[in-house]
Amino acid sequence: MKFVQIIDFETERIDEVREMMRAYEEQARSQGRANAPTARTLLKDRADANRYLAVVEFDSHESAMANSDAPETDELARRLSQLMTRPPVYTDCDVQEQHRTG
């Protein structure tokens, strides 16, 4: 079953956050890491200029947990936390249904 993690965070340095995320994803692809995220969507809260939600998709909960245990992921989380104005809030979700329109 597909799995999604939603990371709710605040930052005044979103360009640096984006660059770190892109570099992490590029490294995962180049290394062929099997448990890496399959997709990421970044959302910006229209009511709060510094609040963002990262929706990170995985093939399964097991893949997400293996990715979470990877040293690269730990390093990314440590570096990203330095750019945030409050600790992130994580929500773990099993995808029950997904439909693309259009």
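Me: What pattern does the protein follow, read along the sequence?
Reply: The protein reads β-α-β-β-α-α-β, with three helices and four strands. Helices (H or I, at least four residues) and strands (E, at least two) are DSSP runs, numbered from the N terminus. This is a predicted model, in which local features need pLDDT of at least 70, side-chain atom pairs count only at pLDDT 80 or more, and totals for chains, interfaces and linings use all residues. Residues are numbered from 1 along each chain as its sequence is written, and side-chain values use heavy atoms, with hydrogens and water left out.

Me: At what angle do helix 1 and helix 3 pack?
Reply: Helix 1 (residues 14–31) and helix 3 (residues 71–81) pack at about 175°, and their axes are 11 Å apart. Axes are lines fitted to C-alpha atoms, for helices over the stretch in contact, and angles run from 0 to 180 degrees between N-to-C directions.

Me: Parallel or antiparallel, roughly?
Reply: That angle makes helix 1 roughly antiparallel to helix 3; the term covers angles over 145 degrees, while those under 35 count as roughly parallel, 65 to 115 as roughly perpendicular and the rest as oblique.

Me: Which residues in helix 1 meet helix 3?
Reply: Val-17, Met-20, Tyr-24, Gln-27 and Gln-31 do so, and their partners in helix 3 are Glu-72, Thr-73, Leu-76, Arg-79 and Leu-80. Contact means heavy atoms within 4.5 Å.

Me: New topic: what percentage of the residues is buried?
Reply: Of the 102 residues, 30% count as buried, that is, under 20% relative accessible area, whereas exposed means over 50% and partly exposed lies in between (1.4 Å probe, protein chains only).

Me: And what box do the C-alpha atoms fill?
Reply: Along the principal axes, the box is roughly 35 × 35 × 25 Å.
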